[in-house]
Amino acid sequence: MSSTVTTPETSPGSAPAPSFGNNLKASRSALPSGDRVFEGLVAGAAGVIPLLAAAMLLLLAVASWTCFQEQGFGFFTTQDWDPVKEHFGMLAFAYGTLASSAIALLTAGPIGVGIALAITEFTKPKYREIAAWVVETLSAIPSVIFGLWGMFVMAPFMRAHIEPLLVHIPGPFFREAGTGLSLLTAGLVVGIMILPTVMAVCREVFNAIPISMRESALALGSTRWEAVRLAVLAPSTPGIIGALILGMGRALGETMAVTMVIGNRAEISTNLLAPSDSLASAIANQFAEAASPGHLSALAALGFVLFLITMLLNMAARLLVWAVANRVRH
Amino acid sequence: MPPEEPVSTDTMEKEAKQRTVAPPMVTARAPQVPDQGQAGGDKDQVKIQVHGLNAWFGEKQVLHDVNFKVVEHQVTAMIGPSGCGKSTLIRCLNRMHETVSGAELKGSIRYENQEILAPDVDPVAVRRRIGMVFQKPTPFPTLTIFENVAVGMRLHGIHDQKLVTATVERSLRGAALWDEVKDVLHKPGGSLSGGQQQRLCIARALAIETDVLLLDEPCSALDPISTAKVEELLFELKNKYTIVIVTHNMQQAARVSERTVFMLNGKLIEYGPTDKMFTAPDNRLTEDYITGRFG
Amino acid sequence: MAENLFKVDVKRARIDRLMRGLCWAGLAVALVPLLSLLFMVITRGWHRLDLDFFMHLPRPVGIPGGGMSNALVGSIELVAIASVIGMPIGVLAGIFLAEYGDNRFAKTVRFYADVLSGVPSIVTGIFAYQLVVKPMHGFSGLAGGFALSLMMIPLIARITEEVVRLVPTGLREAALALGVPRWRSIVSVVVRTAMSGIATGLLLAATRVASETAPLLFTAFNNQFWPSGLNQPTASLTVQIFTYAISPYQEWQDVAWTGALVLLMMVLLASLASRLTVSKNRQIQL
């Protein structure tokens with residue numbers, strides 16, 4: 001006879017049914033309280049995020065209000081920044097921010113795309129991670145150290161070796177050599193700093209393209225470069241633009257490295273070798289010592305402008321990268 | 001008869017054209033010295049001759065001493081279970097195998113009496129003559145249907161608008177797609193159905209100076225109706241081109257090909273006329289595979 | 001021998017080599033500043049890297065033996081405050097997004113997390129100033145820590161969400177099938193499995209904020225002495241490096257390089273540690 005674990009009398013079909021009580025009906029109010037507490041806890045924590053963002057927007061707007069009221073529209077259109085006379089015009093700072101970011105983008109853009117291509121297309125698979133990692137260590141380096149290097153290494157180098165060459169170029173951009181602390185130096189340093197961002201996003205975009213596309217191009221008798229151009233670069237254009245916009249967003253907000261190499265002179269000039277100043281740099285330099293409420297409000301207003309611009313750019317970039325990822329998926 | 005060629009002023013191409021018109025030679029030489037001789041039958045002209053081909057991916061050898069011939073204006077099918085090396089083999093024929101990192105190739109592949117594995121041969125130029133269509137249809141998404149077909153020509157420096165337009169039409173007709181797309185040539189390549197996309201890829205391959213078309217499981221991703229259309233197309237195409245097709249579908253191989261190659265574990269087990277292979281194969285392994293005993 | 005049918009198209013081959021060469025040149029160009037920076041930080045920072053640096057307070061110019069001990073401690077204090085605020089909120093928010101995250105609320109949260117992480121750090125500083133410094137009528141470590149926590153939260157939330165999502169559904173289901181309530185299965189099974197990834201994320205976030213300078217300039221401000229309380233201005237390594245760097249004194253500039261060397265070593269070590277603990281298949285993108 002077999003073991004007595006199950007006897008005919010207590011076969012599964014005739015065992016008494018276990019009692020679940022009322023819990024079989026899983027309505028929300030019947031959820032165990034542990035679950036509700038936990039869900040509330042994590043949802044609350046998550047809710048802090050939009051709250052903070054909204055609070056930031058609000059507080060910045062409120063803090064800037066005095067300035068907008070007193071300065072009016074002239075705040076956006078005049079250069080004159082005089083804390084003593086309580087005249088505040090942000091144009092010079094805005095120019096410095098935009099110009100240095102443009103330079104940064106012009107350097108980081110092509111180089112970042114080129115490096116991303118070199119890594120995804122022209123490197124043996126086993127070396128790819130190392131190469132990417134090397135460029136990404138650039139992104140780990142703190143901004144203040146870039147500023148230090150920029151001040152004491154890059155700027156003197158620019159003054160001694162690069163500016164004397166650049167002044168030979170005709171036109172308004174390189175009219176007169178300076179001290180090395182300039183719009184150009186700031187742009188280049190920031191360009192180096194945003195390089196990893198541009199490169200990383202481009203890599204993502206390029207890797208999303210299936211190998212069969214590249215092979216199809218090669219099978220038509222294209223050279224390696226032509227295959228990359230056809231199969232990788234052409235469909236990646238929106239993604240690359242997204243990478244550039246993200247890089248731009250970072251460049252606009254870059255503070256320490258800029259303030260240490262830009263020369264800190266609030267003047268608009270087409271000469272890239274002249275000193276300049278940026279929105280973030282102005283805030284960094286002046287906020288701690290600003291005494292009058294008007295001055296503080298003006299600086300907060302600069303921050304508010306920065307906040308809005310970077311938020312818009314970020315949204316645009318995310319939309320583009322998202323659109324590319326979705327298109328390639330089918 | 002030689003395929004139609006777009007008119008070109010390139011002297012190199014003129015010389016090449018002259019060579020393809022040369023009459024086949026009958027030789028009594030031993031098979032080790034491959035020439036424009038035959039496999040079996042005086043009227044069969046050999047287009048591609050593979051001899052002693054070995055291939056590796058890194059340390060792993062994936063093709064072992066493969067020998068066979070591809071006969072002009074015929075469809076040669078390559079069959080075998082997954083992983084037998086048939087895809088690798090077909091990709092050697094247009095030197096696509098080496099595009100994978102760590103891949104290596106040794107042996108001889110002769111195309112019209114020219115060794116394509118020779119060191120001074122540019123793989124880019126080889127692929128212009130020996131075209132390939134892949135398993136997954138890959139029209140370039142940012143190009144229009146027209147531009148997709150024209151892209152090969154533009155790469156090779158042909159910019160004469162009239163010539164390009166004429167060739168695009170000819171290629172689309174050759175791929176049995178013209179009637180379906182002639183009014184929507186400006187639409188993006190990705191807007192077609194799967195079967196149409198695959199025929200677009202075929203048209204794209206035909207638009208350059210191909211005279212050999214390699215197809216790596218071209219119908220695997222297609223529905224039965226599209227598959228039937230592509231098979232029909234192959235019947236027409238072989239009048240002008242030479243076709244090699246890899247397929248995991250034996251019935252397809254039996255339907256479309258004149259000759260079949262059976263591969264197993266990187267070795268060529270048997271090669272010969274399709275009807276013979278499928279009814280009275282020489283090799284026991286071939287018979288086992290055909291009757292479904294494995295794979 | 002038959003003439004070569006397949007000759008190389010010289011022009012196209014040349015363009016091919018040129019363009020590929022340019023891409024490689026880009027990599028070289030990126031390496032030059034990186035190597036220069038590393039070289040300079042090491043060579044210029046090395047000779048003041050002594051016990052004085054770690055043990056002594058800053059001294060006026062001319063008096064030897066000054067250090068950045070207070071700045072080191074201050075940085076630790078500020079990161080600690082930021083962590084106490086930011087880590088719990090960030091991790092819990094990340095868990096929410098991963099486990100309950102398929103609704104409009106979650107989408108809103110993600111959107112604003114993106115917005116917050118894109119905000120320039122100096123603007124975060126202004127926010128902290130308005131919220132903490134003004135009511136407290138003075139600079140403080142609390143304000144600085146708060147500013148830093150604002151940067152931690154979206155970052156930790158995003159990394160936590162990514163890592164928790166990676167936990168296989170099978171594991172969750174197995175836990176639920178054992179009759180464990182959902183919250184328990186999340187905490188004891190899912191989160192525990194994801195723990196190393198979350199810990200890496202926390203390390204990365206702490207390192208990120210330890211590298212920040214701008215938001216501290218007018219929240220924690222600076223202090224030449226030991227940290228004396230959460231409501232007092234607090235020194236930090238980054239601000240001290242900045243202050244010394246822009247000063248006109250060679251001595252102080254030298255110490256700035258040393259501070260940079262210490263900071264850089266910490267950051268690179270943390271970065272290396274995080275790379276090693278994350279599995280090869282999944283690299284966390286900052």
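How many residues of chain C are in contact with how many residues of chain A? In this contact, 72 residues of chain C meet 63 residues of chain A, two residues being in contact if their C-beta atoms, placed from the backbone, lie within 7 Å. The model is predicted, and local features need pLDDT of at least 70 while side-chain atom pairs count only at pLDDT 80 or more, whereas totals for chains, interfaces and linings use all residues. Residues are numbered from 1 along each chain as its sequence is written, and chains are lettered from A and ligands numbered from 1 in the order in which they are written.

**View 1. The side of chain C that touches chain A.** Helices H1 (10-46), H3 (69-99), H4 (104-118), H5 (121-136), H6 (141-165), H8 (182-210), H9 (237-245) and H10 (250-277) of chain C each supply at least two residues of this side, where helices (H or I, at least four residues) and strands (E, at least two) are DSSP runs numbered from the N terminus. H1(C) gives the most, with 19 residues. By residue class, the side of chain C that touches chain A divides into 55 nonpolar, 11 polar and 6 charged residues; here Ala, Val, Leu, Ile, Met, Phe, Trp, Tyr, Cys and Pro count as nonpolar, Asp, Glu, Lys and Arg as charged, and the others, Gly among them, as polar.

View 2. Chain C has 10 helices and 0 strands. Its radius of gyration is 25 Å, well over the 19 Å that the globule rule gives for 286 residues, so chain C is more spread out than a compact globule; the radius is taken over C-alpha atoms, and the rule is 2.2 Å times the number of residues to the power 0.38. Along its principal axes, the C-alpha trace of chain C spans about 85 × 70 × 35 Å. The domain assignment of chain C gives domain 1 (10-46) and domain 2 (52-277), with bounds that come from an automatic or database domain assignment. The centres of these two domains of chain C, taken over C-alpha atoms, are separated by 32 Å, and their contact takes 5 residues from domain 1 and 5 residues from domain 2.

**View 3. The largest nonpolar core.** Of the 279 residues in this core, Ile49(A), Leu148(A), Val261(A), Leu302(A) and Ala93(C) touch the most other members; a nonpolar core is a set of buried Ala, Val, Leu, Ile, Met, Phe, Trp, Tyr and Cys residues joined through C-beta atoms within 7 Å. A residue is buried if 20 or more other C-beta atoms lie within 10 Å of its own, exposed if 12 or fewer, and partly exposed in between, with C-beta atoms placed from the backbone. Helix H6 (residues 183-207) of chain A gives the most to the core, with 17 residues. Domain 1 (10-46) and domain 2 (52-277) of chain C both give residues to the core, so it lies between them. Leaving aside its neighbours within four places in sequence, Leu302(A) is in contact with Met90(A), Phe93(A), Leu279(A), Ala282(A) and Ile283(A).

**View 4. Helix H9 of chain C and its cover.** Because 8 of the 9 residues of H9(C) are buried, this helix is largely enclosed by the rest of the structure. The buried residues of H9(C) include Leu237(C), Val239(C), Ile241(C), Phe242(C) and Tyr244(C). Their cover includes helix H5 (143-166) and helix H9 (256-261) of chain A, together with H3 and H10 of chain C.

**View 5. Strand S6 of chain B.** Both faces of S6 (residues 130-133) of chain B are covered, with Ile130(B) and Met132(B) buried on one side and Gly131(B) and Val133(B) buried on the other. S6(B) runs parallel to strand S7 (residues 212-216) of chain B, to which 4 bridges join it; strands pair if DSSP finds at least two bridges between them. Gly131(B) stands opposite Leu213(B) in S7(B).

**View 6. Two histidines in loops.** His73(B), in the loop between strand S2 (60-71) and strand S3 (75-79) of chain B, has a positive phi of about 55 degrees although it is not a glycine. With 18 C-beta neighbours inside 10 Å, His73(B) counts as partly exposed. His137(C), in the loop between H5 and H6 of chain C, has a positive phi of about 55 degrees, although it is not a glycine. With 8 C-beta neighbours inside 10 Å, His137(C) counts as exposed.
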